[in-house]
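Biologist: I would like to learn how to read a protein model step by step, beginning with a helix and the strands beside it. Could you take me through one?

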Amino acid sequence: MAVSKAYLKEEREQEWRVEVRKLLKNKERTALPRVKMGEVEARERICSNIEVNKGLSADEAVNEARRCLDCPDPTCISGCPVEINIPKFIKRIEQGDFLKAARVLKETSTLPAVCGRVCPQEKQCEAKCFYQLKLKNEPVAIGYLERFAADYERESGQISVPEVAPANGIKIAVIGSGPAGLTFAGDMAKQGYDVTVFEALHEIGGVLKYGIPEFRLPNSIVDVEIDNLKRMGVKFENNFIVGRTASIEDLKEEGFAGFFTGSGAGLPRFMNIPGENYIGILSSNEYLTRVNLMDAANPDTDTPVISGKQVAVIGGGNTAMDSVRTARRLGAERAMIIYRRSMEEMPARVEEIKHAQEEGIEFLTLTNPVAYFADEKGRVNKVRVQKMELGEPDASGRRRPMPVEGSEYDIDVDTVVVSVGVSPNPLIPSSLPQLETTRWGTIVVDEDKLQTSIPEMFAGGDIVRGGATVILAMGDGRNAAAAMHKYLQDKRNA
């Protein structure tokens with residue numbers, strides 16, 4: 001069989017890269033600059049939902065992988081909630097074996113293409129990188145490389161499916177198809193369990209679909225990860241509300257022996273200030289869900305969302321950034337973040353703040369809304385804000401914002417999106433009186449096992465944490481799967 005010149009060239013390049021790895025000394029590696037990922041220009045991207053970050057080329061990925069020192073004690077792994085073998089997958093990239101790199105990621109991560117886009121690597125794996133800890137230099141771009149390997153595999157058409165054990169006939173129900181539920185489902189499927197994921201909405205993916213805009217995480221990326229779970233044997237049922245469509249007892253009668261609750265924190269919080277019920281004031285949950293899942297930006301849809309020309313988003317987290325950047329794309333001429341602390345205390349990712357600034361978002365920091373006003377039709381037209389100053393640190397470690405007397409002023413608005421936090425979904429706890437919960441509505445679990453007061457039910461993600469990151473939810477899913485597997489095997493052998 002004839003071998004193509006392109007194939008031979010690729011083989012030679014791979015051999016060369018292996019040799020380069022052998023030849024490069026650590027001093028040469030540390031002298032290499034961190035890669036800069038290309039981005040779509042702001043004036044172009046605000047006109048559509050095109051993904052902002054462009055990803056890395058093969059050469060950029062290999063050059064960045066060469067920076068990895070392959071530490072004997074890889075602290076980066078301890079910074080990853082799902083414990084990806086980071087040096088191993090990066091080494092595969094440096095060697096030019098991109099498909100093997102993707103397979104390494106899938107050994108512990110169900111959603112590598114997702115994590116490579118939305119995880120706060122700068123606070124987790126990259127924060128534990130030797131460059132950051134010891135050299136006080138820019139860490140290896142672990143997140144960029146994770147995205148590259150996952151994207152390369154997907155675009156190659158050679159998507160690997162993790163190996164699964166022979167079927168053991170034990171049925172497992174997963175409540176919620178967000179990152180915790182999907183990760184749990186994948187890990188249980190690998191052990192041979194018969195897994196069904198129940199999702200209340202019409203789309204599978206949970207917060208990955210309804211809460212994160214396509215300019216940050218395209219739905220098609222999520223769909224590929226979900227399709228891989230289907231190929232592993234995981235079944236999905238949407239438009240199915242556990243606690244309404246069927247109860248836990250109903251599912252037990254159908255033969256389900258174990259349950260994982262990853263139903264998230266979809267209950268929005270408001271500030272309970274005057275005028276908060278006026279038309280045009282929405283929670284970030286409603287705003288993003290309607291735009292992302294219900295085509296609400298289309299005025300001809302059944303459930304359009306009216307996004308005005310002067311939009312204020314209250315809050316400073318990633319969801320607030322997603323909301324205000326969405327408003328910009330929906331035609332807002334003035335899109336503002338109103339945040340009661342300073343830029344330094346803002347919890348959103350540095351990258352998200354940077355992108356928002358590039359897109360013309362105004363940041364009104366040390367500012368807090370105190371009242372809303374409306375026109376004769378009841379639609380919001382002004383927000384009254386008050387200037388703040390920072391006092392002593394509070395329980396979160398951040399300095400407490402204190403109002404400045406006599407500093408109130410009004411801002412013209414026609415849409416307000418409130419993004420000041422969320423509360424856990426109350427449906428599962430309310431349908432199970434014997435399930436122990438906290439005063440905040442989160443489910444009480446054993447810290448290590450993630451087992452609830454109902455022995456056959458485990459839980460993780462925002463329903464336990466109250467509101468956290470995708471990767472922390474995935475870590476919960478992994479830990480819960482390992483603990484449930486042990487629980488069920490012990491029970492069978494007792």
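Modeller: Let us begin with helix α15, residues 284–293, which lies across β6 and β14 and runs at about 85° to β6. Please keep in mind from the outset that this is a predicted model. Another helix, α16 (residues 318–329), packs on the sheet and touches β7 (310–314), β8 (334–338), β9 and β14, and its direction makes about 170° with that of β8.

Biologist: In what order do the strands of that open sheet stand, and with which kind of pairing?

Modeller: The general idea is that strands of a sheet pair through backbone hydrogen bonds, either parallel or antiparallel. Here the open sheet has five strands in the order β6-β14-β7-β8-β9, and the pairing is parallel. At its edges are β6 (281–283) and β9 (362–364), each of which pairs on one side only. Neighbouring strands of this sheet are turned against each other by 25° on average, with direction ignored.

Biologist: How many bridges pair β6 with strand β14?

Modeller: Three bridges pair β6 in the parallel sense with β14, which covers residues 415–418. To find one point of this pairing in the picture, look for leucine 282, which stands opposite valine 417 in β14.

Biologist: Which strands make up the other open sheet, the one that contains β16?

Modeller: That open sheet also pairs its strands in parallel, and its five strands follow the order β3-β2-β1-β4-β16. The edge strands, each pairing on one side only, are β3 (235–237) and β16 (457–459). From one strand to the next, the twist averages 20°. Within this sheet, strand β1 (residues 171–175) runs parallel to strand β4 (residues 256–261), and five bridges join them. Isoleucine 175, for example, has threonine 261 in β4 as its bridge partner. Helix α20, spanning residues 470–493, lies across β1, β4 and β16 and runs at about 160° to β4.

Biologist: Where should I look for antiparallel pairing, and how many bridges does it have between β10 and β11?

Modeller: Strand β10 (residues 367–374) and strand β11 (residues 380–393) pair in the antiparallel sense over seven bridges. One place to look is asparagine 368, which stands opposite glutamine 386 in β11. These two strands form a hairpin with five residues between them, and in the turn glycine 378 has a positive phi of about 85°.

Biologist: Finally, how many helices and strands does the protein chain have, and why is it called as compact as a globular protein of its length?

Modeller: The protein chain has 20 helices and 16 strands. Its radius of gyration is 24 Å, close to the 23 Å that the globule rule gives for 494 residues, so the chain is as compact as a globular protein of that length. Taken along the principal axes, the C-alpha atoms fill a box of roughly 80 × 60 × 50 Å.

Conventions:
Residues numbered from 1 in each chain as written. Predicted model: local features only at pLDDT ≥ 70, side-chain atom pairs only at ≥ 80, totals over all residues. Heavy atoms only, no water. Pairing = 2+ DSSP bridges. Helix = DSSP H or I, 4+ residues; strand = E, 2+ residues; numbered from the N terminus. Axes fitted to C-alpha atoms, helices over the stretch in contact; angles between N-to-C directions. Contact = heavy atoms within 4.5 Å. Rg over C-alpha atoms; globule rule 2.2 N^0.38 Å.
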